[in-house]
Each structure stands twice: as C-alpha cells, then as structure tokens.
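Here are my notes on the model, point by point. Please read them with the structure open.

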Amino acid sequence: MLEITYEIEDIDTVAKQILDHATSKTIAFNGDIGVGKTTLIKSLVKCLGCDDDVSSPTFSIVNEYLGNEASIFHFDLYRINDEEEALNFGFEDYLYTSNWVFIEWPENAENLLPEDINSIEISYKNKTSRSLKLSQNMILTQKKPIEQHNI
C-alpha cells in the first residue's frame, strides 16, 4: 500500500502521506524499541490538528488528544500482560468509534483488534533514516472480539 524510506527530519511529510493512504482510523505501529513509533505518532497527531505535547503513554497505557475532527487515542500496550488486562481497562470501547486510534505494541492485544486495521512496520536503515511499510486489512481473526471472549 505504501512503502517509503525517509530521513527523520521529513517525518511531517511522512505523516501526511500516511493519512492520505490510510484506509482505517485504527493504526497499529510495529517496530523495535527506539525506532521512532512515538515520534511518528507525534507527527500524525500534529497533522490531525492537535498542538498538545504528545508523549508515550507507557505508564498510563492511553493518552487522549483532541484533533480538528475527532479525538485521537494513543495506546502503548507494552506493559500489559495479556488481552484480559486490555479488556479490563475497556480497550475495545476505544476501537469501535469514529476516532483515531494509534496502537504501539499491538501484538499484546492482537485478538481484540478490528479486522479493518492498518498496520505500520518501521525499521532502522541507519542512524537518521527509517523504512516504513503501511499495509491494510491486518486480519488476525475471523471472529469479532466480543465473540472470542464470550463477554
């Protein structure tokens, strides 16, 4: 769908390209620690019309920002132990809205994610450049999240 290599100083242009190519408002961010997931999300939030100071929600798990047209929820699921923990804090309630949802470490709740999610894979090229691949329809299961957990 979208594959690019970019220099870190071009992050705002990359964010605009992502928003132009995204087919879902729910986007999963994959990549090693320190590769720039949060930095990219900061730029995406800015492009969506929010001037707030964006930071990683590592300890709060979710941060909310107000964009021009919708709320933006930024999740960092690195610290959750299992999908039940995500269900307990209401993770699913955020997913099925008209808001933007950006998720770091999505593999920690992969069976809860919607079928129409977009996925971004970021990898290091060198100290100042990254490779990015945006793909759509990361289908992880054929069951709806509610059916998987018999809630």
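1. Terms for the pocket. The search runs on a 1 Å grid over the protein atoms alone. A cavity is a set of points where a 1.4 Å probe fits but cannot get out. A pocket is an open set with protein on both sides within 12 Å along at least five of seven lines. Lining residues have an atom within 4 Å of a point.

2. Ground rules. This is a predicted model: local features need pLDDT of at least 70, side-chain atom pairs count only at pLDDT 80 or more, and totals for chains, interfaces and linings use all residues. Residues are numbered from 1 along each chain as its sequence is written, and side-chain values use heavy atoms, with hydrogens and water left out.

3. The largest pocket. Its volume is about 180 Å³. (Grid points are joined across faces, edges and corners, and a volume is the space filled by probe spheres set on the points.) The lining consists of Ile33, Gly34, Val35, Gly36, Lys37, Thr38, Thr39, Thr58, Asp76, Tyr78, Glu104 and Trp105. By class, four lining residues are nonpolar, five polar and three charged. Here Ala, Val, Leu, Ile, Met, Phe, Trp, Tyr, Cys and Pro count as nonpolar, Asp, Glu, Lys and Arg as charged, and the others, Gly among them, as polar. Which element gives the most to this lining? Helix H2 does, with three residues. (Helices are DSSP runs of H or I, at least four residues, and strands are runs of E, at least two; both are numbered from the N terminus.)

4. Isoleucine 33. This lining residue is found in the loop between strand S2 (26-30) and H2. Is isoleucine 33 buried or exposed? Isoleucine 33 is exposed, with a relative accessible area of 59%. (Buried means under 20%, exposed over 50%, partly exposed in between, with a 1.4 Å probe and protein chains only.) Leaving aside neighbours within four places in sequence, isoleucine 33 is in contact with Tyr78, Trp105 and Tyr124. (Contact means heavy atoms within 4.5 Å.) Two of the partners named there, Tyr78 and Trp105, also line the largest pocket. From isoleucine 33 to leucine 44, the C-alpha separation is 19 Å, for eleven residues of sequence.

5. Helix H2. This helix covers residues 37-47. Its buried residues are Lys37, Thr38, Leu40, Ile41, Ser43, Leu44 and Val45. Glycine 49 follows H2, with a positive phi near 95°.

6. Please check two residues here. Isoleucine 61 has a positive phi of about 75° although it is not a glycine. Isoleucine 61 lies in the loop between H2 and strand S3 (62-66) and is buried at 12% relative accessibility. Tryptophan 105 has a positive phi of about 60°, again without being a glycine. Tryptophan 105 sits in the loop between strand S5 (100-104) and strand S6 (118-124). With a relative accessible area of 16%, tryptophan 105 is buried.

7. Salt bridge. The structure holds one. Lysine 46 pairs with aspartate 12, and the closest N and O atoms are 3.4 Å apart. The pair links distant parts of the chain: lysine 46 in helix H2 and aspartate 12 in helix H1 (residues 11-21), 34 residues apart. (The cut-off is a side-chain nitrogen of Lys or Arg within 4 Å of a carboxyl oxygen of Asp or Glu.) Aspartate 12 is partly exposed, at 29% relative accessible area.

8. Cysteines. Cysteine 50 is buried, at 3%.

9. Serine 71 is found in strand S4 (residues 71-76) and is buried at 13% relative accessibility. Beyond four places in sequence, serine 71 contacts Glu64, Tyr65, Leu66, Asn99 and Trp100. Serine 123 lies in strand S6 and is partly exposed at 33%. Not counting residues up to four places away, serine 123 touches Val35, Arg130 and Ser131. The C-alpha atoms of serine 123 and asparagine 30 are separated by 8.7 Å, though these residues are 93 apart along the chain.
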